[in-house]
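Here is a short briefing on a two-chain model. Keep the structure open while you read.

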Amino acid sequence: MDDKKANNKNVTGLMIDEEKKKGLFYFLYYVGRLLWKDKTGLVGLLIFLSVIISAVFSPYLAPYDPLKQNLKISKTPPAWYKNGSIHHIFGTDDLGRDIFSRIIYGSRVSLTVGFFGVLIASSLGMIIGLVSGYVGGKLDSVIMGVVNLILALPYLVFVVFIAAILGRSLLNVILIFGFTDIPIFVRVTRGEVMKMREEGFIEAAQSVGATTSRILFKHIIPNLIGPIVTLATFEMSAMIFYESGLGFLGLSVPPSVPSWGNMLSVGRQYLTIYPWIAAYPGLAIVYTGLGINLLGDWLRDVLDPRLRRAKK
Amino acid sequence: MGKLLTVRDLVIKFYTFDGVIHAINGMFFDLNEGETLAIVGESGSGKSVTMKSLLQLLPSPPAKIESGNAYFYRNGEKVDLLYLSESEINKIRGKDIGFVFQDALSALNPVLSIGRQITESLETHMELDKKEAMERAIELLESVGITGARQRLYAYPHQFSGGMRQRAMIAIAIACSPKIVIADEPTTALDVTIQAQILELFKEIQKKMGMAIIWITHDLGVVARLADRVMVMYAGQPVEVAPVEELYENPIHPYTIGLLEALPKLGEKKKKLTSIEGTPPDMIEEPHFCQFASRCKFANEKCFKDNPPIISVGTDHYVRCFEDIKERIKVQKVKTV
């Protein structure tokens, strides 16, 4: 028995053997190794994790109440400026609220919008795209007609229009981004499904008696995970950008809620004199977007077994 | 030897934007238990279309089965494969009839492990649980000559070489011990050494499991090594069916003769290989005369007027040609001499 095992090991090499092992610990170990091999993915993941941690633990991490106003210390510059204060490292805004604390709390809005928006868009978009691509025919023409119509609209104008009608609330923002982002997921899913239908493995699966639902769930969806997750991460960072854009225009969450967009909006008036009010929330947006994009890039490589081992 | 499959008068058309393509015009053949039937013909002659129609794998539209029957004898029961419902045919696909595809790379799902793809039909048809299915998959991989099967279950198709992929495809096809394995040019994409290995593997499996094999190919060399009977197809019709020795020794149909003349023979010196002049017909026109007539050396006016009948010229030897073909060939030979 031991001899046989040893033989097998020689034949196949290490990587396959590793994949065979099950359990959370081995999974984490495996992911860890993949991350270590690809440092950009590691950086992306660390950045993304730091944003998640700041969102989840905001009350413990933020030194001040983000809503507490103190006009006596308003527009204090960041700590490394000449008359900055060590108590407010990123300074304070026009109402004397601590910018660092507001950035930490602001990550909550951004991540909520990004996460739930993408969740709605990707799940609905994937289902519609799957039906459209697999069933084809007239249904496909109708769905693609609507999708192309929506994609032809200038996105920001469209979103601003709906936001202006619906009014300012977190739920509205999530729903707006969730639903307006469906078409891109439909397009990508449909394209992938159409491409796959022509591939032999669908026919091969049929030839061994797989039912339609089995083909959809066991053969097509696993092939979609890679492209969809990748698209989802990029769309998530795009949503975070657009959410701050809406906030900047005063159409996102109510002004009382600390969000990066709202902070930018306030900072705009003081851009030339007190640039830090807008600069740090801006940097937070860039930081988050960078992290998510790096992570997405890495995920694309890792979720495709053909690419997973290509990198040395 | 009992009959397994009888196909009669099969007509398949493709309704495309450019017109109706008459892909299969009156296909017929029998398959007996445990035998190997080779189907030979050039590209587009309808070999694969016929086989895919048996498992209802043709996309419809554009394909439409216009008429015909394909009776499959299953546990003493006679079922017509062409007209079974989706759920009925699913019980036969993979269970009673296995299919080996030409291009194993595209026929294997790139994101699923080999093991999962082999256990797929086991789980569907044999009602095995995951563990049993995995054990059976290991046996199967070993039986198709893949070493280190236990580890390789977790490998992905791209980690396999071309020959191994084809072996894995074969393992999938024979997983449920089917009565018929349809092999659609399984060695075309492989190099010659691997080709020989795969041929041997098929012979070995057939010996062990006793299933019938339908082997689609355009390689007459492969046919000679493997087949019991051969069917030659041209433009969607079978033109000659015969036992393998009979076909090589006594070909009757001009197309078969042309094919055999085009083969290089061992030990023959410096003779230029002959080719069959002309090109296959445009399948958009409905065939109302011999499809091969325009390329046939022995054709006369009759050939351009009527569809030739199917004539019996020996035991199990059928030709789609006019009765006087033998005399015509003789006359021509005398002339050239």
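Start with Leu105(B), which is found in helix H3 of chain B. Keep in mind that this is a predicted model.

**Leu105(B)**
- Leu105(B) counts as partly exposed, because it has 18 C-beta neighbours inside 10 Å, and a buried residue needs 20 or more.
- Leu105(B) touches Pro157(B) and Arg165(B), leaving aside residues up to four places away in sequence.
- The C-alpha atoms of Leu105(B) and Gly162(B) are separated by 7.5 Å. Along the chain, these two are 57 residues apart.

**Helix H7 of chain B**
- Arg165(B), touched by Leu105(B), is one of the buried residues of H7(B).
- H7(B) is mostly covered, with twelve of its 13 residues buried.
- The buried set runs through Gly163(B), Met164(B), Arg165(B), Gln166(B), Arg167(B), Ala168(B), Met169(B), Ile170(B), Ala171(B), Ile172(B), Ala173(B) and Ile174(B).
- These buried residues pack against strand S6 (97-100), H3, H4, helix H5 (130-143), strand S7 (180-184) and helix H8 (192-209) of chain B.
- The length of H7(B) agrees with expectation: at 1.5 Å a residue, its 13 residues should span 18 Å, and its end C-alpha atoms are 19 Å apart.

**Nonpolar cores**
- The largest nonpolar core has 101 residues. Met169(B), Ala171(B), Ile180(B) and Ile214(B) have the most contacts inside it.
- Helix H7 (residues 162-174) of chain B gives the most to this core, with eight residues.
- Met169(B) touches Val100(B), Phe101(B), Ala104(B), Ala107(B) and Leu108(B), not counting residues up to four places away in sequence.
- A second, separate core has 56 residues. Val118(A), Val159(A), Trp276(A) and Ile285(A) are among them.

**Positive phi in chain B**
- Glu185(B) is not a glycine, yet has a positive phi of about 45 degrees. Glu185(B) is found in the loop between S7 and H8 of chain B.
- Glu185(B) is buried, because 20 other C-beta atoms lie within 10 Å.
- Ala235(B) is not a glycine either, and has a positive phi of about 45 degrees. Its place is the loop between strand S9 (229-234) and strand S10 (237-243) of chain B.
- Ala235(B) is buried too, with 23 other C-beta atoms within 10 Å.

**Where the chains meet**
- In the contact between the chains, 31 residues of chain B meet 23 residues of chain A.
- On the chain B side, helix H2 (86-92), helix H3 (104-107), helix H4 (114-126) and helix H6 (149-152) are the elements that give two or more residues.
- H4(B) gives the most to that side, with four residues.
- By class, the chain B side has 13 nonpolar, eleven polar and seven charged residues.

**Chain A overall**
- Chain A has 15 helices and zero strands.
- Its C-alpha atoms fill a box of roughly 75 × 55 × 25 Å along the principal axes.
- Of its 312 residues, 39% count as buried.
- Take the contacts in chain A between residues at least 6 apart in sequence: 69% join residues at least 24 apart.

**Helices of chain A**
- Helix H4 (residues 39-56) and helix H6 (residues 99-135) of chain A pack at an angle of about 105 degrees, with axes 7 Å apart. That makes H4(A) roughly perpendicular to H6(A).
- Here Val51(A), Ile52(A), Ser54(A) and Ala55(A) in H4(A) meet Ile104(A), Ser107(A), Arg108(A) and Leu111(A) in H6(A). The contact has five nonpolar, two polar and one charged residues.
- Helix H12 (residues 212-248) and helix H14 (residues 276-303) of chain A pack at about 175 degrees, with axes 8 Å apart. That makes H12(A) roughly antiparallel to H14(A).
- Residues making this contact include Ile225(A), Val229(A) and Phe234(A) of H12(A), and Ile285(A), Ile292(A) and Leu299(A) of H14(A). By class, the contact of H12(A) with H14(A) divides into eleven nonpolar, nine polar and one charged.
- Helix H7 (residues 137-152) of chain A has 16 residues and reaches 22 Å from its first C-alpha to its last, close to the 22 Å expected at 1.5 Å a residue.
- Of the 16 residues of H7(A), the number buried is one, so H7(A) lies largely in the open.

Technical notes:
Residues are numbered from 1 along each chain as its sequence is written. Chains are lettered from A and ligands numbered from 1 in the order in which they are written. This is a predicted model: local features need pLDDT of at least 70, side-chain atom pairs count only at pLDDT 80 or more; totals for chains, interfaces and linings use all residues. Two residues are in contact if their C-beta atoms, placed from the backbone, lie within 7 Å. Ala, Val, Leu, Ile, Met, Phe, Trp, Tyr, Cys and Pro count as nonpolar, Asp, Glu, Lys and Arg as charged, and the others, Gly among them, as polar. A nonpolar core is a set of buried Ala, Val, Leu, Ile, Met, Phe, Trp, Tyr and Cys residues joined through C-beta atoms within 7 Å. The expected span of a helix is 1.5 Å times one less than its number of residues. Axes are lines fitted to C-alpha atoms, for helices over the stretch in contact, and angles run from 0 to 180 degrees between N-to-C directions. Angles under 35 degrees count as roughly parallel, over 145 as roughly antiparallel, 65 to 115 as roughly perpendicular and the rest as oblique.
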